[in-house]
Amino acid sequence: MPTVPSFRKMKHNPDLLKNLPADFLAGHDKLSREQAGHLRHFHNLATQRDGEWGVMGSQDPGQEWLDAYRYQLATMAYAAGAAHFHRLPALRSIFQSLLSGLIHKMLRREVWGYWFLTSHSGKFVDPDIKRLRQPWADPVVKENIMYSGHLLLMVSLYTMLFNDDKYNQEGALTFNWSPIFWGMGPEKFSYTRESLQKAILAEMEREKWLGVCCEPNCIFIVCNQFPIIAMRYNDVRDGTNVATEVLSKYTAAWEAKGMAGPNGLFISWYSPKQDTKRPALDLGFTAWGTAFMNAWNPLLANETFQAQSIGFLTRADHDRISINRGPVAFAIRELAEKKGVDPYSLSTMQKARDIVASNPTTGEHREPFPRPMFGYILMAMSELGDESKLAGLLNHVDRFFQPTWQNGGLYYPVNAEQYDKDGNWTEVEPFTGNGAVGYARLTVLGGQRKMWEEPWSAEQVSRAPHISGIDLGSGVDFLRGCWDESHQAMVVTMRTWDQTEKFVRLENHNLPVGTYGVYRNGVLTETKFVDRPGDTLEVYVRVEGIDFDLVLLKA
């Protein structure tokens, strides 16, 4: 355990400047108000009383649809993980607490209890079924990768980022199935990170390495991307080579089967019993899938998304991009091919809408509820696009999705209207409004690929300078948080979300031995020592509603 020394104060070291250069922080990017707002919204949702879900309420009461709690929680976890990895790597306890809270919610029965009914199967997913299957409550033992894959990535991401094996302890992932008035008594299903991965691998093998089923008899390409990424993180952690072996079999299986349909989009799903593919009717699953497939197959992900996004994106204004539903997008493609028009122009989109409106045969298949297509496309653009197009989509979000601030958190409320009278996309569901927009803002271009190529090792995390002893429950938002190796400086920028005054303690760990100047808003206010490796340097600061910069600079 690190020792906590009694720090010696002294007169200012002559090697320390009295004031930092005005441009000292210029090379350290700072979170925007919106980015900080997304993180606080995640915190607000993760710290609700168990049983309360607030603005996360999904369209389907049975948690079967694509905006279910599990998808929202997982997306928030991936957003927070990306923010920590790429933007605020020194703020360990902030993100450790946040991800732990999201995983806690993921283990609630409200999140996974849908599986007992879904496990019966049905005509929608298996048209040849004659009678329902015997159900089971364990949500990860078989099929259901739409839950187990996300859970595995959440706990594997946590393990990688924080060098903490708590989810690999016996019973760490426990599912308590205990309806009050039904059944023969409570049941409990317990897993660890390792045993959860083994269950998923067994299912992959059972389905001949095409992936694990989500709903019965439905293998979705997108849902199998998440456990593959988790396996890569676990390989680094455990000294194994599972991801490479799985991908060898997975890619061979899909090369033989074919991921894409006749329209070039990834198929929606594959039904192994009938050996049939459900064609995609829009960009949604292709966008969502390529956003994470880019981690391990950037060539396929980039080529697919760039080619298949044509028709689905319209330059609605000089700085704004809107999206189009499937029939309109395919009409745009046809116009571009036959008449050479610009597929991104507003006039082309308007012509395509007129064509679709006058020809009912081009109407799309109606699903039970709207899918989070804008959110999926945003996530893909944040990984595979460019800054201009991503900014265009986010500008559309802020102008047409009614940005709402609640207790310092930013989200976008549900709106069931798909378009306004001018043809601007206005539909928002909880997946996009609570999670996907935040993910797109908090990650970086190619972020999943970077994390795949260079995940943090246990040694890196154990040695890295970092801050602990505080979380977002302090009422403080953190806009910077990194160790500057070239200047030997810990850099933090913070402010309170509600404009009040807070006094907080920051515990700085793994700082190199030496003398440190403590700079508050660029001014040297005190000097402290780290006498021995492992010492914790504590700093107390007063934070208000305006940006406060703290720098610990080694002499």
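Over the ring of which residue does the charged end of Arg 232 sit? The views below, taken from a predicted model, begin with this contact.

**View 1. Arg 232 and the ring of Trp 452.** The ring belongs to Trp 452, and the charged end of Arg 232 lies 6.0 Å from its centre.

**View 2. Arg 70 and the ring of Tyr 114.** Here the charged end of Arg 70 sits over the ring of Tyr 114. The distance to the ring centre is 4.0 Å.

**View 3. An edge-to-face pair, Trp 115 and Trp 136.** The structure holds 32 aromatic pairs. In the one formed by Trp 115 and Trp 136, the ring centres are 5.9 Å apart and the planes make an angle of 65°. Trp 115 belongs to helix H5 (residues 115-118), while Trp 136 is in the loop between H5 and helix H6 (145-162), so the pair ties together parts that are 21 residues apart in sequence. Trp 115 and Trp 136 are buried.

**View 4. A tilted pair, Phe 285 and Tyr 376.** The planes of these two rings are 45° apart, with 6.1 Å from centre to centre. Phe 285 comes from helix H10 (residues 284-293) and Tyr 376 from helix H14 (residues 373-384); the pair links distant parts of the chain, 91 residues apart. Both residues, Phe 285 and Tyr 376, are buried.

**View 5. The aromatic cluster that includes Phe 285 and Tyr 376.** Phe 285 and Tyr 376 also belong to one aromatic cluster. Its tyrosines include Tyr 71, Tyr 78 and Tyr 439. Among its other members are Phe 124, Phe 220, Phe 226, Phe 292 and Phe 431, together with Trp 269 and Trp 288.

Key: Residues are numbered from 1 along each chain as its sequence is written. This is a predicted model: local features need pLDDT of at least 70, side-chain atom pairs count only at pLDDT 80 or more; totals for chains, interfaces and linings use all residues. Side-chain values use heavy atoms; hydrogens and water are left out. Rings of Phe, Tyr and Trp (its six-membered ring) pair if their centres lie within 6.5 Å; planes under 30 degrees apart count as stacked, over 60 as edge-to-face and the rest as tilted. Helices (H or I, at least four residues) and strands (E, at least two) are DSSP runs, numbered from the N terminus. Buried means under 20% relative accessible area, exposed over 50%, partly exposed in between (1.4 Å probe, protein chains only). A charge sits over a ring if NZ of Lys or CZ of Arg is within 6 Å of the ring centre and within 35 degrees of the ring normal.
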